[in-house]
Amino acid sequence: MKTPSHARLQFSKQVIGSLLGLLTILFISACSTPKDDSTLVVGMELAYPPFEMTDEQNNPTGVSVEMAQALAKHLGRELRIENIPFAGLIPALRTGKIDVIISSMTATDERRESIDFSDAYLSTGLCLLVSKNSAITSIDELDKAGVSIAVKQGTTGHVYAASSIKHANVLLFDKESAAVLEVSQEKADAFIYDQMSTFMNWKRNQETTTALLNPLKKESWAIGIAKSNEALLSEINDFLATFSQSGGFDSLGEKYLKEQKEEFEKLGIPFYF
Amino acid sequence: MSFFFEDSPSSPSSPKQAKHFVSFGCAFLFLSFFVFLAFTAIDYNWNWSSVFQYKKKFIDGWLISVGISFVTLFFSLIVGFLAAMGKRSTLLPIKYVASIYIELVRGTPLLVQIYLFYYVIADAAGVDNRYVMGVVIMSLFSGAYIAEIFRAGIESVGKSQLLSAKAIGLSSKQTYRFVIIPQALRNSLPALAGQFANLIKDSSLLSTIAIREFTLNAQEVNSITYSSFESYFPLAIGYLAITLPVMQLSRVIENKIRFET
């Protein structure tokens, strides 16, 4: 029979053994670099059709996905797409989890403080999806007490609301769909978002919403790159120039954005790609 | 070596306080070391000052979270009590309403309940205030768990006591009032305190319907300042500041009950 002290000794051996095991695992995982240099890891949030979305088989598809494929081909690297929530893209880039961001991201000065951007590849603007019975008929009526405005967290709409809206009540959502639902159910008066998505959201909710597509702020989208990575930056700018010259953007626009293009032309709102 | 082991009644006792203090310190340092390793490995540029600027957002959010949790606790106790009674009811429709409610709520994610309740049921009912709906949703959610806690508490009262109650001529109502409920309540208290701690943490999901509680505000500070992790530290500390005392309270109550019975 074991005396208590033997049992204790055995127990402490086990404890030390398992702690050493834990230490090894943590040490290895802390030191190993998970990144394989030859693969181009592109981060995007696959919840923004027709730019970033998934098809029925759950494969990434859309304008940005095809851009990423063309970019990887241009660089001669394998492509891996990581689906990351929009607000988490910059942190992922800064911690080296991804190499570039192609996620319909606007190049803003605030973002430039933490990451670099390529040349712009698309111009668009922030506009409003307004609920049908709301008193708001133009952008000037936005910032009033008693008005509630929905924005999606981390987007330029959120930044705009945080800096320019003083009197209205700002509601924050992490999902575009929730923000649209708020407007269509008249829980919020307006949703500040980009023109193309606003148009699509209005299309889907024509009975309950109106789209005020005139831009309240112009902005341009670019590819995000980690700071001080000049080589990759110039390669990407090269790619954008050749891709644009060879009509890559035109054919993508034709494939994914035909409806929006026509509608925007009819409304006389410029549409650059 | 025996310094690192808890005193058993037979072993000679060494200074007890110091012992626990040193072991706690060792454990704390040991865990901190790994956290430190992990943080140095990610090569991240920390920027605390921009987060500190927004301290008011953290405080406001924390107060809302705590406020919602307390109001919810009150209502979920009522809901839980009714559901537990309903489930014990001999009237079958009531019994099944209570069981279906409890199983549905316990069997589905809170996130799904929040979305469905807020955008479908509340919309149909014409309730627009998101804070009111937040409390209603959380009360219904937490109430189902509390119902099970109460049920366990009621069932912990021995059969012999019920028979004795019958023998001395107590009615069913009197049996509940004087025999079952006082004991059931006492037996449920530790689990209730634990449930309250869960409630505070679970209320973070109300951020999805734009309730300006602690988590949403912290996330907002993250996105405004383009920082990634800084906000999560005040967030963790803020939740611990309320859950640790609640869990400690639960332990104290547990010990007290053990001595009484």
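This is a predicted model: local features need pLDDT of at least 70, side-chain atom pairs count only at pLDDT 80 or more; totals for chains, interfaces and linings use all residues.
A salt bridge here is a side-chain nitrogen of Lys or Arg within 4 Å of a carboxyl oxygen of Asp or Glu. Residues are numbered from 1 along each chain as its sequence is written, chains are lettered from A and ligands numbered from 1 in the order in which they are written, and side-chain values use heavy atoms, with hydrogens and water left out.

Side chains of opposite charge can pair when their charged atoms come close. A search of the whole structure turns up 17 salt bridges over all chains. Take the Glu259(A) pair again: it links distant parts of the chain, with Glu259(A) in helix 10 (residues 258-267) of chain A and Lys203(A) in helix 7 (residues 195-204) of chain A, 56 residues apart. Helices (H or I, at least four residues) and strands (E, at least two) are DSSP runs, numbered from the N terminus. Glu259(A) is partly exposed at 39% relative accessible area, and Lys203(A) is partly exposed at 30%. For these labels, buried means under 20% relative accessible area, exposed over 50%, and partly exposed in between (1.4 Å probe, protein chains only).

| Salt bridge | N to O distance |
|---|---|
| Arg130(B) and Glu182(A) | 2.6 Å |
| Lys87(B) and Glu103(B) | 3.9 Å |
| Glu220(B) and Arg212(B) | 3.0 Å |

Next, the pair Lys87(B) and Glu103(B), whose side chains meet at 3.9 Å, N to O. Lys87(B) lies in helix 3 (residues 55-88) of chain B and Glu103(B) in helix 4 (residues 92-107) of chain B, so the pair ties together parts that are 16 residues apart in sequence. Lys87(B) is buried, with a relative accessible area of 19%, whereas Glu103(B) counts as partly exposed at 44%.

Glu220(B) has its own salt bridge, to Arg212(B), with the closest N and O atoms 3.0 Å apart. Arg212(B) is partly exposed, at 22% relative accessible area. Salt bridges that share partners also join Lys87(B), Glu103(B), Glu148(B), Arg151(B) and Glu155(B) into one network.

**A closer look at Glu220(B)**

Glu220(B) sits in helix 9 (residues 214-225) of chain B. Is this residue buried or exposed? Glu220(B) is buried, with a relative accessible area of 4%. Leaving out residues up to four places away in sequence, Glu220(B) touches Gln153(A), His158(A), Leu172(A), Lys57(B) and Arg212(B); contact means heavy atoms within 4.5 Å.

**Where the chains meet**

The contact draws 32 residues from chain A and 33 residues from chain B. Together the two chains bury about 2800 Å², 60% of it on carbon and sulfur atoms. Buried area is the accessible area (1.4 Å probe) that two parts lose on being put together, summed over both.

Two salt bridges cross between chain A and chain B. One of the pairs joining these chains is Arg130(B) with Glu182(A), at 2.6 Å between the closest N and O atoms. There are also seven residue pairs in polar contact between chain A and chain B, both residues being at pLDDT 80 or more. A polar contact is a pair of N or O atoms within 3.5 Å; within protein, one must be able to donate a hydrogen and the other to accept it, and residues adjacent in sequence count only if both atoms are side-chain atoms.

On the side of chain A that touches chain B, the elements giving two or more residues include helix 1 (4-31), helix 5 (156-164) and helix 6 (176-184) of chain A. Helix 1 of chain A gives the most, with eight residues.

**Chain B overall**

Chain B has 10 helices and zero strands. Buried residues make up 38% of its 261 residues.

Most residues other than glycine have a negative phi, and most peptide bonds are trans. The peptide bond from Pro49(A) to Pro50(A) is cis, with omega near 0°. Pro50(A) is in the loop between strand 1 (39-44) and strand 2 (53-54) of chain A.

Asn58(A) has a positive phi, near 70°, and lies in the loop between strand 2 and strand 3 (60-61) of chain A. Asn58(A) counts as exposed, at 57% relative accessibility.
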